[in-house]
Amino acid sequence: MKIFCSRANPTTGSVEWLEEDEHYDYHQEIARSSYADMLHDKDRNVKYYQGIRAAVSRVKDRGQKALVLDIGTGTGLLSMMAVTAGADFCYAIEVFKPMADAAVKIVEKNGFSDKIKVINKHSTEVTVGPEGDMPCRANILVTELFDTELIGEGALPSYEHAHRHLVEENCEAVPHRATVYAQLVESGRMWSWNKLFPIHVQTSLGEQVIVPPVDVESCPGAPSVCDIQLNQVSPADFTVLSDVLPMFSIDFSKQVSSSAACHSRRFEPLTSGRAQVVLSWWDIEMDPEGKIKCTMAPFWAHSDPEEMQWRDHWMQCVYFLPQEEPVVQGSALYLVAHHDDYCVWYSLQRTSPEKNERVRQMRPVCDCQAHLLWNRPRFGEINDQDRTDRYVQALRTVLKPDSVCLCVSDGSLLSVLAHHLGVEQVFTVESSAASHKLLRKVSLLLGEPFFTTSLLPWHNLYFWYVRTAVDQHLGPGAMVMPQAASLHAVVVEFRDLWRIRSPCGDCEGFDVHIMDDMIKRALDFRESREAEPHPLWEYPCRSLSEPWQILTFDFQQPVPLQPLCAEGTVELRRPGQSHAAVLWMEYHLTPECTLSTGLLEPADPEGGCCWNPHCKQAVYFFSPAPDPRALLGGPRTVSYAVEFHPDTGDIIMEFRHADTPD
């Protein structure tokens, strides 16, 4: 059987549906999943184990059999914990068939097949009764259905159904309770991820200001959460306006409702400022007394910041208020958390919610289209005045009053900048199909380049294909900006990100090698071995090699017919464990002006890296695991082979350790 999968096509700038082998999609799902990250989350695993032991003991103390329902079992880890803790039987629900099959094998390998039944269904399809999946209701409910937003993976509907149909009334639940916290802040940096700021341009007529459209300014934005590693945001980038406020709690041992609701907290601003952003996170208590707690709090709100558990499957949330609002120190306000069955959003109220009928507002909807077209980093990129100044500087060197400019980038301000710099003939297109509409020869072709369909750094080479398509419209001596691009790489050691690709082996005393092998097979499956995008400003790393240039793409010329190839070796100059090669593009606007989507400056003496915060870099994780000799500071080299295929726009690559232990 064949399936259709979406894939960005750099030659057309579009997302296309390709026919793939039936195993392709699940290999991608496994390869890019957070299963390894969860298994390495020691804090999560230990707290769940403690909570399960306590829940089983409470049921046993009442003289009852401990019957466990484990929804979203994954590897079967929590079910095996329950049986080890004394549970009489577990029903482990897993809807993803490859994962359910793996759970069956893991349960069998660990010797629990007689007490754990893996059910490959969605929990809402599970039946109870003599002929059902479960003969009777369970009295212990164990789940791990949470995402960074807590409810974004459908936890509320799943709990609601389970209490109505699958578990006994007042059952034990692990976790027992979740609490969502919020903190109101002012942050120009984070606000720039949501709104367009005025752009200042120095022209021959003085400073000109490009003001955002009114509909963009007044738009409440998209309700989608911005989930980030909040611990990597400098405290200097925001001003705290409120204490940490507990917004609402959910008791998972009782009937849960997925209906829309709102919860308010009165507070007095700690200082005057502009309320713009709500930072939010949650914790889960594994027992009724709240003694066993697992928290996602950032370092400034954590009870023990020195012992914080790094994790990527649960992070923190950034929410944007519909509009910024002035607040005055000591003048009471109400922060309101709204949620439906899958989504959370916030509003700020001046009066008590009980007296304000507008509080139960609908989920905000973007009506300007910008929040649907651009992601958060793109907003930040457009608002980066330093970046704009560099484009203006480059434009001044190539523009003439009689220039005819064609700008090819999605939602770019380059055409507006060119106009403000005195060019009268400016065309903007977002696909090469529109090129035939040009009425005059183009003397300057512009691009950032940026295209909304681009996932990896080199997908923006679509600009090169557009340049090739409009070649006949370029006049004699026409300029192209950027003039060229280059692909760069550096070998790095991650502080934490390596965990998402690291084998687990043993997890809390249970053998999960089968899961490790499953992930390895998925990673070895064709495109699963490609580089994957990550915003590395959120994931600290050290460079072990010097950065090097791999390929150059000359935009002054059409796309060549033959592949571009590069291979070689690079020496690792710093001791450390080489986890991955990081790749990025640099765009050479003019001979004197270059913009990097990756490293912004040379590494510090210890190898610390400063990454472009508006772009995702491509990470190619090494396989097999790095040579332990790297930790001893011995000489190491990495070999690479990279090939650009002009017919597809793909860049095929392989990086590996050139020397291995004897």
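**Figure 1. Val-201 in strand β9.** Val-201 sits in strand β9, residues 199-203. This is a predicted model, with pLDDT of at least 70 needed for local features and 80 or more for side-chain atom pairs, while totals for chains, interfaces and linings use all residues. Residues are numbered from 1 along each chain as its sequence is written, and side-chain values use heavy atoms, without hydrogens or water. Strands are DSSP runs of E, at least two residues long, and helices are runs of H or I of at least four, both numbered from the N terminus. Val-201 is buried at 1% relative accessibility. Buried means under 20% relative accessible area, exposed means over 50%, and partly exposed falls in between (1.4 Å probe, protein chains only). Not counting residues up to four places away in sequence, Val-201 touches Gly-206, Glu-207, Gln-208, Ile-210, Val-392, Leu-417 and Leu-421. Contact means heavy atoms within 4.5 Å.

Figure 2. A cavity is a set of points on a 1 Å grid over the protein atoms alone where a 1.4 Å probe fits but cannot get out; lining residues have an atom within 4 Å of a point. Points are joined across faces, edges and corners, and a volume is the space filled by probe spheres set on them. Among the lining residues are Glu-381, Arg-387, Tyr-391, Leu-417 and Glu-448. Helix α11 (385-398) gives the most, three residues. The lining divides into five nonpolar, two polar and three charged residues. Here Ala, Val, Leu, Ile, Met, Phe, Trp, Tyr, Cys and Pro count as nonpolar, Asp, Glu, Lys and Arg as charged, and the others, Gly among them, as polar.

**Figure 3. The largest cavity.** Its volume is about 100 Å³. The lining has 14 residues, and Ala-222, Pro-223, Phe-320, Trp-345 and Pro-364 lie nearest the centre. Strands β17 (316-327) and β19 (344-349) each give two or more residues. The largest share, four residues, comes from β17. By class, the lining has 11 nonpolar, two polar and one charged residues.

**Figure 4. Packing of helices α5 and α14.** Helix α5 (residues 97-109) meets helix α14 (residues 513-523) at about 145°, with axes 9 Å apart. Axes are lines fitted to C-alpha atoms over the stretch in contact, and angles run from 0 to 180 degrees between N-to-C directions. From α5 come Pro-98, Met-99, Ala-102, Lys-105, Ile-106 and Lys-109; from α14, Ile-514, Met-515 and Met-518. Seven of the contact residues are nonpolar, none polar and two charged.

**Figure 5. The largest nonpolar core.** Of its 110 residues, Leu-69, Phe-146 and Tyr-346 touch the most other members. A nonpolar core is a set of buried Ala, Val, Leu, Ile, Met, Phe, Trp, Tyr and Cys residues joined through side-chain atoms within 4.5 Å. Strand β15 (residues 273-285) supplies the largest share, seven residues.

Figure 6. A cis bond joins Val-174 and Pro-175, with omega about 0°. Pro-175 lies in the loop between β7 (167-174) and β8 (177-186). The bond from Met-481 to Pro-482 is also cis, with omega near 5°. Asn-170, in strand β7, has a positive phi near 60°. Asn-170 is exposed, with a relative accessible area of 56%.

Notes: 1 Å grid on protein atoms, 1.4 Å probe; cavity = no way out; pocket = protein on both sides within 12 Å on 5 of 7 lines; lining within 4 Å.
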